[in-house]
Amino acid sequence: MAEFIQIILSGLAAGSIYALAAVGFTLLWQASQTINFAQGEFVMLPAFFVLVGMTVLGLGLWPSVALALVLSLLVLGVMFKKLVVEPMLPHGTLPLVIATIALGLLLKESVKEFYGATAQPFPPIFPQEVYQVAGASIAAQDIGNLAVSMLAIGGLQLFLTRTRTGRCMQATAQNPAVAEILGVNVKRMVMYTFLINAALATVASVLISPIYLAKFSNGETLGLVAFIAAIVGGFNQIRGALVGGLLIGVIDNISAVYISAQYRSAMPLLLLIAIILFRPQGLLGTSEGRSV
Amino acid sequence: MTAPIPSAPVLSVRAMSKQFGGIRAVNNVSFDVHKGEILGLIGPNGSGKSTLFNCILGQLRPTSGHCEIAGRSTDGVRPADLSLMGVGRTFQQLSVFPRMTVLDNVILAGQEHEGTILTRLFGRPDAGLTDKAKQLIEFFRLTPYLQTEAGALSYGQQKLVDAAMAFMAGPQIVLLDEPAGGVNLTMLAHLKERLVTYNREHGTTFVVIEHNMEFVMSLCTRIIVLAQGEIIAEGRPEDIRANPLVIDAYLGG
């Protein structure tokens with residue numbers, strides 16, 4: 001039982017980080033029909049911004065995190081929207097998807113070229129202590145990761161439902177043409193979405209890199225997991241992406257321990273196939289028609 | 001119903017034409033709408049009424065001619081800014097935000113008329129509009145659905161939400177694009193009664209595009225009939241009903 005609690009908790013901790021990436025993924029889809037296949041690389045990159053701040057500029061950890069946040073907002077938010085999404089979107093969703101795949105490769109190879117191909121140690125954000133609670137070993141890092149991710153997603157949800165701007169962002173996602181006629185600054189709302197996605201990716205990056213180390217290829221798994229989490233939970237719901245992320249984190253951990261460590265990465269894919277077959281709108285999603 | 005007092009027209013359309021390639025969808029159309037009027041704009045399919053509507057609302061640029069709201073030209077005004085000039089509208093297609101509550105839908109329709117980027121981010125979440133929104137929701141008898149997601153309502157109820165949204169910014173004139181389309185008879189009678197009451201209580205001017213003749217005839221104080229992009233008749237509902245040109249072009253056709 002103690003071991004089971006341990007597995008569930010660390011699964012939730014990892015899953016909450018996947019959820020950050022998945023939430024950003026669904027936000028981009030809703031606001032601008034962008035399926036961002038570079039999402040994994042978006043989570044990989046900010047860790048290297050932090051490392052550049054620390055090793056090249058000699059800054060401390062937190063100033064480097066602040067620097068990484070600013071750079072991410074610029075590169076993964078503003079530049080991504082202006083240089084990739086806006087020129088490609090008029091050509092349709094598929095060309096844009098392919099452009100994001102290319103962007104993912106570019107980011108990955110650039111990090112490999114300019115920073116290094118080896119995994120880089122990343123300073124932990126939380127104390128590396130492990131507490132014994134009722135026989136279970138509980139890592140402070142897991143609790144910290146879970147708490148920060150939940151705060152970020154909860155804060156985002158409050159922003160979207162409890163502010164005027166949040167209401168405008170929802171309206172933009174649900175019916176942009178009418179939102180515009182009602183005076184909503186649709187372009188600005190879409191930009192906010194890209195900035196929020198960049199910020200979520202930065203938080204995910206800073207939380208996950210102390211565990212997996214910072215490596216140019218980290219995005220491959222992360223991007224896939226975020227994509228699956230978004231589909232499993234429901235593409236048009238933030239809480240869907242949250243549930244999808246947590247579920248995949250837990251299933252991943254359970255299957256590694258109780259089924260087979262070799263097949264653990266197949267489990268999310270099996271779940272994806274099952275969901276597409278039996279509940280294509282996702283666990284919490286609602287089916288939607290989209291006219292193009 | 002009392003006859004409107006002649007004053008500066010709320011809406012004035014002057015010599016408006018719209019050409020698509022070789023086709024003249026709207027041909028030199030002029031008319032005025034005065035305060036408190038309910039004007040019906042009817043015509044057979046392809047008569048140009050939707051094109052005319054879209055030109056008035058700034059969603060299409062007319063080939064020639066122009067349009068004034070209370071004496072101010074709408075040339076170059078974006079659709080989004082028309083509501084600032086006192087123009088409300090309902091949509092032919094459903095225009096509610098399906099995953100937002102009815103209350104949030106109606107608040108949204110009024111909240112973007114004022115405020116800065118800061119008040120939008122940090123100001124009161126409802127922009128002080130909850131009471132006004134609730135009054136309009138009550139007016140359209142939607143209070144039981146205040147916190148219901150708009151997408152869960154029936155089609156007719158969503159049309160009522162759309163109407164409530166059109167009135168949220170306190171417009172001088174509301175343009176209704178086929179309000180009766182797809183609405184069942186009970187709901188239609190309700191919608192008509194509410195629109196007439198609103199018109200009587202607030203003196204708001206309406207322009208209605210509609211296919212449903214009964215609805216137009218019983219709602220409107222004056223009717224303009226379009227055929228092939230031109231006005232072929234104009235007058236009171238009973239006169240329009242008896243006009244042989246109209247019967248020929250529309251009612252009989």
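Okay, let's start in chain B: strand 9 and strand 10 (residues 230-235) pair in the antiparallel sense over five bridges. When I say two strands pair, I mean DSSP finds at least two bridges between them. And when I say helix or strand, those are DSSP runs, H or I with at least four residues for helices and E with at least two for strands, numbered from the N terminus.

Quick housekeeping. This is a predicted model, where local features need pLDDT of at least 70 and side-chain atom pairs count only at pLDDT 80 or more, while totals for chains, interfaces and linings use all residues. Residues are numbered from 1 along each chain as its sequence is written, and chains are lettered from A and ligands numbered from 1 in the order in which they are written.

Back to our two strands. B:Ala227 stands opposite B:Glu230 in strand 10 of chain B. Strands 9 and 10 of chain B form a hairpin with two residues between them, and B:Gln228 in that turn has a positive phi of about 50°.

Strand 9 of chain B also pairs with strand 3 (residues 38-42) of chain B, this time in the parallel sense, over four bridges. There, B:Leu39 has B:Arg222 of strand 9 as its bridge partner. In general, strands of a sheet pair through backbone hydrogen bonds, either parallel or antiparallel.

Is strand 9 of chain B mostly covered or mostly open? Covered: five of its six residues, 222-227, are buried. Buried means 20 or more other C-beta atoms within 10 Å of a residue's own, exposed means 12 or fewer, and partly exposed is in between, with C-beta atoms placed from the backbone.

Now zoom out. In chain B there is an open sheet of six strands in the order 6-7-8-3-9-10, with mixed pairing. Its edge strands are strand 6 (87-90) and strand 10 of chain B, and each pairs on one side only. On average, neighbouring strands are turned by 20° against each other, direction ignored. For angles like this, axes are lines fitted to C-alpha atoms, for helices over the stretch in contact, and the angles run from 0 to 180 degrees between N-to-C directions.

Over to chain A. Helix 3 (residues 61-88) and helix 4 (residues 93-114) of chain A have axes that come within 9 Å and cross at roughly 155°. That makes helix 3 of chain A roughly antiparallel to helix 4 of chain A, since angles over 145 degrees count as roughly antiparallel, under 35 as roughly parallel, 65 to 115 as roughly perpendicular and the rest as oblique. Which residues make the contact? From helix 3 of chain A, A:Val84, A:Val85 and A:Met88; from helix 4 of chain A, A:Pro95, A:Leu96, A:Ala99, A:Thr100 and A:Leu103. Contact here means C-beta atoms, placed from the backbone, within 7 Å.

A:Tyr115 is partly exposed because it has 17 other C-beta atoms within 10 Å.

Finally, where the chains meet: 15 residues from chain A and 20 residues from chain B take part in the contact. Helix 6 (164-174) and helix 7 (176-181) of chain A each supply at least two residues of chain A's side. Helix 6 of chain A gives the most, with six residues.

Conventions. Two residues are in contact if their C-beta atoms, placed from the backbone, lie within 7 Å.
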